[in-house]
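This report describes a structure for a reader who meets it here. The sequence and the model are shown directly below.

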Amino acid sequence: MEKEKIDHIISKFPETKGNLIGILHEIQNEFRYLPEEELRYLSREIEVPMTQIYSIANFYNRFSLTPTGEHELCVCLGTACHVKGGQNVLNQVKKDLKINEEETTEDMKFTLKVVRCLGACSLAPAVMMDDETHSNMTPDLVKELIKSF
Amino acid sequence: MKIKNMKDLDKVKEIGMKSLFPKGPQIRISMSTCGLALGADDLFQKITREKDKKGIKISLHQTGCSGFCNLEPMAIVKLPGKPALLYTQVTVENVEQIIRDIKKKKIPQKGLFCMIGSDSAAAKPDPVLNAVPDYRDASPFKGQHRMLLGNCGIIDPLSVSEYVAMAGYSGLFKALYQMRPEEVIKEVVESGLRGRGGAWFPTGFKWDMASKSSGDEKFVICNADEGDPGAYKDRTIMEGNPFKLFEGIVLAGYAIGSHHGIIYLREEYHHTFGFLSNAIEIAKRFGLLGKNILGSGFNFALNIVRGGGSYVCGEETALMDSLEGEVGDPRLRPPFPIEKGLWARPTIVNNVETLSNVPLIIQNGGKWYKNIGTEKAKGTKILSVIGNVKHPGLYEIPLGTNLKQVIFEMAGGPVNGKSIKAVQVGSPFGTFIPADKLNVSLDPESLREIGSMIGSGVIVALDQDACIVDILHHLLTFFVEESCGKCVPCREGVSRMEELMIEIYNGRAGMNELDIINELGETARDFSLCALGGGAPAPILNGIKDFKKDFEAHIKTGKCLRFS
């Protein structure tokens, strides 16, 4: 277990009251998922029951309890993207990566997520690779995008 | 520097004016989420390299987004003695020519879209500009009333001085030095401002009640959990003019007697998070947040909290649960947040767009504000027009503007010679209005009359190729995913509706399944705990009623009109 990393993350929040989601964001970013042993340690350190941490990890889309890939590919299926063919983009990604939504490729390179609106609606269909938004996607373009990583 | 008095504010204003109207040439590049997605970063670097190579002095700035992301990357070029000119879809390949032209004091031609404020700049007539319209006459800006978005895409969003030069912080200065908190509330009540997040509750009324709630600690929450699919107006304000939002938040705090504000930001807005955090630090340095704001003695701290990617957390009570580090479950009301909100303290929750109206109201007065809009709905509304139209984007219009005009004139109507089949106003909860009924005023009252709503202002245009069953299926999947699961009518009712819709979509159900959907919908609508379950049935029930043909096609032939 990487105790120091958790200690460091906790120390960034002067008050733990109300900052549980913020702390979990940092852990998710650090480990690319929420590892159980680290969460148990966190629970003891900040005196928040494990049940509450678990329910939050489950409720919010951002958090994952299983390891995720090096890159996170979010395909937007908001209304604008749906109307403009986001589903075709998603199908292409599934075919190329051979995984379904919320799954990770065997080589741990990509995790596929579906989101409802990235707020880039006049660029629909849009996808987000890690923190970067890519616009006016087509099945061919998303194929190229995946290849470039 | 900290701004401590009127003299300081004037000094900052002067710096801002010099930066907005420089003596030498200037280029501004739009670099928010959408601009970056289309390569604004490369553009910025290329211009930097090119101007250094050519040894020409050009001041280079960043701006936010003007709401028309498909025209990005945009650039504003200002030459001495000429009005500012807006260029759209600028590419790295254009840069060398632009720099060459600027060096020769010539107006670059490629991508030239319109002039900005042609009458305000002391411009020498230039024959090149004869055919170039001012932005007020150039579609898609034509017909808009951009009092909230006006600065977006024009000023450097992280420059306090440029915002001050655009009359920024004059409202807050006036309030802190010349008005008592109750006078601020009086102006907001007088203005008739109502909540832009979708509920349209009178803002002044909410503030008045919160100011009268007892408690030594109160909170101002800015709801920036912009989750309605299709909405990005709040992101555009936050990335295009963050200080206007901060000014509105501090005014709210002063009005109700709160010293602590929180922006609850949508998880998916990664770029916005870093950007706003930076803007808060800058505001602190200028004495516009923190202790002794503008030298008035008033203290107000502001911080940002990121959500976890949950739609229901945009509902104000679920949002407060989330801020307390819990799962976002809507709470039973009463007690209302104004009495017992965050950490059981009196709290107001206002949307980004609502709060951004407040500086304008204080600066110009409630009387001025209430001249804009309809009898019951005052001011402007930012619409996010998406789907099958020529110019998707953000349109800020006075409330009461005609829907038909927005779709066909401002947004340019359908593409590829197709016709509009239906328009959903107030997506995702609004109903689909058939093409022959689009002659309606865009305000909460008129839309309610025809069974629809304005919501947060998302307008989805569908052309003849769209199938309502397909869209409703898509919407139901969204509602089911985002239901928090606390109450039965939403958790079970909406899920069953989705199951039935899938059966209908695949041609495995009969017409009587429609009756069951109707019955489930009515129950969810009437008995759900919050607006998610209560609102979800509206587009479904109306869709079944108004677009029977689409349903019949699926039920009888198992085929979607979309693919036939």
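**Basis**

The model is predicted: local features need pLDDT of at least 70, side-chain atom pairs count only at pLDDT 80 or more, and totals for chains, interfaces and linings use all residues. Residues are numbered from 1 along each chain as its sequence is written, chains are lettered from A and ligands numbered from 1 in the order in which they are written, and side-chain values use heavy atoms, with hydrogens and water left out.

**Chain A**

Chain A contains 7 helices and 4 strands; helices (H or I, at least four residues) and strands (E, at least two) are DSSP runs, numbered from the N terminus. Along the sequence these elements follow the pattern α-α-α-α-β-α-α-β-β-β-α. The C-alpha atoms of chain A occupy a box of roughly 50 × 30 × 25 Å along the principal axes. Chain A has 149 residues, of which 54% count as buried. Buried means under 20% relative accessible area, exposed over 50%, and partly exposed in between, with a 1.4 Å probe and protein chains only. Among contacts (heavy atoms within 4.5 Å) in chain A between residues at least 6 apart in sequence, 59% join residues at least 24 apart.

**The interface between the chains**

At the interface, 34 residues of chain A are in contact with 52 residues of chain B. The area buried between the two chains is about 3,500 Å², and carbon and sulfur atoms give 57% of it. Buried area is the accessible area (1.4 Å probe) that two parts lose on being put together, summed over both.

Between chain B and chain A there are 20 residue pairs in polar contact, both residues being at pLDDT 80 or more. A polar contact is a pair of N or O atoms within 3.5 Å; within protein, one must be able to donate a hydrogen and the other to accept it, and residues adjacent in sequence count only if both atoms are side-chain atoms. The elements of chain B that give two or more residues to the side touching chain A are α2 (33-37), α12 (316-323), β10 (380-387), β14 (458-463) and α17 (468-482). The largest share of that side, 8 residues, comes from α17(B).

The count of salt bridges between chain B and chain A is 2. A salt bridge is a side-chain nitrogen of Lys or Arg within 4 Å of a carboxyl oxygen of Asp or Glu.

**Aromatic pairs**

Over all chains, the structure holds 17 aromatic pairs. Rings of Phe, Tyr and Trp (its six-membered ring) pair if their centres lie within 6.5 Å; planes under 30 degrees apart count as stacked, over 60 as edge-to-face and the rest as tilted. Y311(B) and F478(B) form an edge-to-face pair, 4.7 Å centre to centre with 65° between the planes. Y311(B) lies in the loop between β8 (301-306) and α12 of chain B and F478(B) in helix α17 of chain B, so the pair ties together parts that are 167 residues apart in sequence. Both Y311(B) and F478(B) are buried. F478(B) also forms a tilted pair with F479(B), at 5.8 Å centre to centre and 50° between the planes. One aromatic cluster is formed by F68(B), F113(B), Y135(B), F141(B) and Y395(B).

**Salt bridges**

The structure holds 39 salt bridges over all chains. The table lists some of them.

| Residues | N to O distance |
|---|---|
| E267(B) and R62(A) | 3.3 Å |
| E72(A) and R62(A) | 3.3 Å |
| E217(B) and R345(B) | 3.2 Å |
| D465(B) and K418(B) | 2.7 Å |

R62(A) is buried, at 11% relative accessibility, and E72(A) is buried at 14%. E217(B) is partly exposed, with a relative accessible area of 33%, and R345(B) is partly exposed with 30%. A network of salt bridges links K46(B), E50(B), K53(B), K54(B) and E96(B).

**Two loop residues**

S456(B) is found in the loop between α16 (444-449) and β14 of chain B. S456(B) is buried, with a relative accessible area of 7%. Beyond residues up to four places away in sequence, S456(B) touches several residues, including R196(B), D228(B) and K381(B).

G451(B) lies in the loop between α16 and β14 of chain B and is partly exposed, at 39% relative accessibility. Leaving aside neighbours within four places in sequence, G451(B) is in contact with T431(B) and N542(B).
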